[in-house]
Amino acid sequence: MRSVWLLLCLGLLALTLSQVRAEDPIANLDLDDIAEFDEDDEEYLTLLEMKSKNKDVERENELAQKLADVQYNLLNPVVEVDPCETMHCGAGRICQLNEGKPECICIPDCPDELDTRRLVCTNKNETWPSDCAVYQQRCWCDTKDPGCRHPDNAHLHIDYYGACQEPRVCDGEDLKDFPRRMRDWLFNVMRDLAERDELTDHYMQMELEAETNNSRRWANAAVWKWCDLDGDTDRSVSRHELFPIRAPLVKLEHCIAPFLESCDSNKDHRITLVEWGACLELDAEDLKERCDDVQKAVPHLLG
């Protein structure tokens, strides 16, 4: 940066000197012109010289100010911050400026997807062309945009990637035994992550506690996954936030969808820790909300 500044200074100085030389009447006089002056012209020459010196001083001051301005701009660059860079809009929304203020709007257009691997299946067992289309539709219905196909789509979410398959019925002993299998599975995933050193220190301590205390085995695993899913830290897990646990299992475990639906006992589209524990058939007294130290952790896909 210092070398750039010096080059700029030298360039401005050379330009200024050339301009001064071009405009200086004395500098442009040749010897023949000087010989024609007599004593009566001496006063005129003196005034002319003083005027030229004044112009030189003005030019030097102007150059010094320009150099000072250049140096200040180099040392204090103006950085323009896009207000949208700090604006979180969530799935299906983008940030745009409205009279200089950031606001979240529904995604205007989703790209045309030709790859069948981009297909997604929703909780309504409907195949959509992409996750963008699902999030856009949900946003439109949430904001009552004319593009909303049905008011219930305000709660539309992705079950899994790929075209929808004919759902298998989960009932009888499968549904009855599922909470136990889910508890064991959550603990095994938590233990595997601990062995790979992929848990935060806070949850490493909880996993160690679960390993050494059977009464905390299932409860700690349940609390860990509930906190991990609560991405917006509002102390509840939305249907959308359930995606990391639903998507990898729904094609393999036909009871996962009805199980998660049953966890939302009051049908408000959110699952509290109490509802999560009840769904897993855990005692409410064993569930302790211990999320404060791990809210920056990234949710892990199971499997």
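**View 1. The crossing of H6 and H7 is left-handed, in the sense that the near helix is turned anticlockwise from the far one by less than a right angle.** The model is predicted, so local features need pLDDT of at least 70 and side-chain atom pairs count only at pLDDT 80 or more, while totals for chains, interfaces and linings use all residues. Residues are numbered from 1 along each chain as its sequence is written, and side-chain values use heavy atoms, with hydrogens and water left out. Helix H6 (residues 172-195) and helix H7 (residues 201-212) pack at an angle of about 120°, their axes being 10 Å apart; axes are lines fitted to C-alpha atoms, for helices over the stretch in contact, and angles run from 0 to 180 degrees between N-to-C directions. The two helices are therefore oblique to each other, the class left after under 35 degrees (roughly parallel), over 145 (roughly antiparallel) and 65 to 115 (roughly perpendicular). Helices (H or I, at least four residues) and strands (E, at least two) are DSSP runs, numbered from the N terminus.

**View 2. Residues of H6 meet residues of H7.** Phe187, Met190, Arg191 and Ala194 in H6 are in contact (heavy atoms within 4.5 Å) with Tyr203, Met204, Met206, Glu207, Ala210 and Glu211 in H7.

**View 3. Three strands form an open antiparallel sheet in the order S4-S3-S5.** Strands S4 (127-128) and S5 (158-161) stand at the edges with a single partner strand each, so one side of each lacks a neighbour in the sheet. Strand S3 (residues 120-122) is joined to S4 by two bridges, pairing requiring at least two bridges found by DSSP, and Val120 stands opposite Trp128 in S4.
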